[in-house]
Amino acid sequence: MNLKKVFVLLIKELKLGSKSFIIIWCLIAPFFISIVISLIFGSFFIRTPRLGIYFEGEGEFKSLIHETKSIKTEDYKSLDLLISSVKDGRVDIGIVIPENFEEKLKKGEKVSLKSYVFGESYARNRAIIVVTIGNIIRQISEKEIEINIETENIGEKGLPWRLRVFPLIVMVAIFFGGLFIPATSLIEEKRKKTLDALKVSSLHLNEITLSKWLFGFIVSIFTGILILIINNIFIINPSMLTIFTILGAIMATSLGVILGIYLNDFATLLSFWKIGGIVLFFPVIQYLFPKIPELISKIFPTYYIIKPILEIADKGYITNSIFYIIILIIINLILFIVLNLSLKSKGEYL
Amino acid sequence: MNLNNILILTKKDLTLFFKNRFFSMITILGLVAFIIIYFALPKLEEDKIKIGIYSDVSLTKIYYFLELHDTEVYDASSIEDLKEKVSKKVISFGIYFPSNVKEKKTLKLIVNAETENEMKEAYEYIAKELFHTEFGYQLNIESENEIIGVDLAGKQIPVRKRLIPILAFFLIIAETLGLSTLISDELENKTIYALLSTPVTVGDIFFSKGVMGLITTLIPSLLFILITVGFRNFPLIFLLLIFGSLFAISIGFLIGSIAKDMMSIIGYGFVIFILIIIPSFNVLAPGTLSSWVKIIPAYYLVDGLHKIINFNSPFLSLLPNILILIISQGILFLFGSLILKRRLI
């Protein structure tokens with residue numbers, strides 16, 4: 001193998017690739033997808049009860065309700081807007097705070113409250129909103145009794161939602177470019193018969209595939225580390241995170257090259273992504289739904305990339321990094337052997 | 001347009017599709033994977049707060065209060081029992097009322113460490129409210145509640161049932177790129193010109209591709225719904241799936257017409273996929289996204305299926321969804337045809 005030739009081919013890949021739609025998309029997609037995921041899953045997993053309020057007057061209630069953490073509140077300028085928001089499910093309950101509401105409370109007079117409840121809202125959200133409002137009303141009406149609450153926490157602290165969706169973002173960042181770039185590049189060369197032209201030159205097939213592998217690897221590392229930097233995680237432990245991103249990128253690109261060797265068209269590659277994606281992304285699902293036993297995830301190779309990265313993101317350190325590194329090296333070695341065997345057996349038909 | 005030509009062309013495309021064993025096997029496996037996901041998810045959705053109570057004093061009023069607010073109560077036999085149920089997440093949290101609770105005004109709250117801080121604050125409010133309710137410090141408030149929409153409190157739609165329209169939609173759009181490939185391949189390999197030199201017309205070619213697309217998008221989604229939902233509301237579901245498939249075909253047709261090669265199909269395809277997938281999250285978690293998702297026509301397919309499957313909505317309430325799907329697919333087909341005509345000239 002001539003490294004100079006590999007370098008020349010890599011430069012060619014970088015020059016031509018930078019103009020290709022798929023490469024640009026592989027660079028942009030992880031960031032675009034991470035924003036979408038954060039927006040969607042952020043509100044999906046927290047499920048903090050949401051209260052919409054239309055104030056007919058002004059008063060202390062407004063500032064007190066906004067200070068609470070147990071519910072999210074949103075003010076509306078008109079009753080119609082409040083009702084429309086309830087109808088769309090943007091808030092669980094919408095309430096109207098009448099004029100002189102606080103005066104009546106302080107005088108001990110009976111107060112009427114009108115509320116609009118979104119039919120699909122959870123009973124738990126409704127109950128929390130009711131008690132939160134009750135708590136504030138007690139504060140205003142000066143009928144609040146000082147109650148001491150001693151809280152005891154049982155068990156271990158779980159992952160916050162931000163970290164629960166993070167594996168998905170990391171996986172997209174590492175695997176999207178890492179897998180698609182070498183696979184699509186090889187398929188494209190096969191389709192356009194340009195691979196035949198390269199093969200009749202002094203180039204060896206290993207050099208061609210290595211250049212494609214390197215291109216995918218560079219993009220995968222770049223997007224993977226950039227995602228970690230954007231999410232303020234890279235700074236926690238740069239050396240360890242770089243090691244695991246590199247090992248993940250090797251896995252993604254090796255898999256991409258293997259797919260590129262065996263598959264002849266993009267439709268089949270997309271079909272693989274559809275079903276193979278479940279295998280690659282299963283550990284991600286486990287973090288999103290913690291009820292799924294972790295033991296199942298351990299069967300999947302990507303678990304050994306996600307787990308250490310997430311442990312560093314959560315705790316700032318990793319307890320048994322050597323174990324994960326060894327497992328990943330073994331997986332990558334297996335992929336390397338498969339890749340070489342595939343090149344040997346399929347090489348002449350490419 | 002010649003029906004015989006269309007039949008021959010559709011047969012050709014179908015043969016090509018199933019000739020690729022991997023491709024057809026993967027399509028079947030995708031369907032199987034979605035069915036497994038559906039059956040692996042819990043049948044019921046827990047939407048109530050489950051409060052565990054252990055008290056050294058006799059409690060009466062709080063039970064009525066909790067029942068009024070759709071809250072489940074677990075009477076623990078001891079504090080240890082309370083802690084065990086919290087750690088195993090059988091209950092949301094536990095409250096211990098000691099014998100001197102009224103005098104000392106002190107309650108013990110037992111929460112799982114995994115509970116978010118927002119929820120812990122909410123549980124404290126609940127504990128305080130229960131204290132006030134039980135020991136006579138009630139509010140002088142009269143409330144009038146109006147439920148908007150179907151009241152599902154205590155009988156929420158399980159996630160797996162909410163997922164049916166979404167997964168069916170995924171099965172439909174997953175085949176979109178396949179159709180784009182068929183069109184793009186004919187253009188890229190110039191086989192379309194060979195076909196046009198025969199009595200086959202452009203209309204025949206694209207109609208046959210449409211039929212092929214309808215078969216590959218409709219059958220997996222229909223099978224998925226039949227296995228998960230059964231024959232309930234079948235005619236309506238079938239009707240909506242046909243319009244949904246036509247919508248997906250129109251997207252595939254447009255992508256296939258614009259794209260120069262497979263690379264650009266994937267490029268355009270992913271952008272469009274992400275855009276049209278977004279509205280489906282609103283069905284999974286209502287109110288998650290703002291009203292702007294309604295400008296994406298795919299919303300009306302997922303929303304329509306959701307209405308039929310989970311609310312047994314009648315045909316009339318689905319009419320706006322169907323009309324929007326028809327209009328949007330008409331526009332997409334029109335754009336696709338115009339672009340294609342320019343490319344063929």
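Two strands pair if DSSP finds at least two bridges between them; strands are DSSP runs of E of at least two residues, and helices are runs of H or I of at least four, both numbered from the N terminus. This is a predicted model, in which local features need pLDDT of at least 70. Residues are numbered from 1 along each chain as its sequence is written, and chains are lettered from A in the order in which they are written.

Select the five strands that form an open sheet of mixed pairing, in the order 5(A)-4(B)-3(B)-1(B)-2(B). Strand 5 (148–154) of chain A and strand 2 (72–75) of chain B are the edges; each has a single partner strand, so one side of each is left without a neighbour in the sheet. From one strand to the next, the twist averages 25 degrees.

**Inside the sheet.** Next, pick strand 3 (residues 93–97) and strand 4 (residues 106–112) of chain B, which run antiparallel and are joined by four bridges. Here B:Gly94 stands opposite B:Ile110 in strand 4 of chain B.

**Helices across the sheet.** Then show helix 4 (residues 79–87) of chain B, running at about 35 degrees to strand 4 of chain B.

**A helix pair in chain A.** Finally, select helix 7 (residues 161–191) and helix 11 (residues 266–288) of chain A, whose axes come within 11 Å and cross at roughly 165 degrees.

How values were computed. This is a predicted model: local features need pLDDT of at least 70, side-chain atom pairs count only at pLDDT 80 or more; totals for chains, interfaces and linings use all residues. Side-chain values use heavy atoms; hydrogens and water are left out. Axes are lines fitted to C-alpha atoms, for helices over the stretch in contact, and angles run from 0 to 180 degrees between N-to-C directions. Contact means heavy atoms within 4.5 Å.
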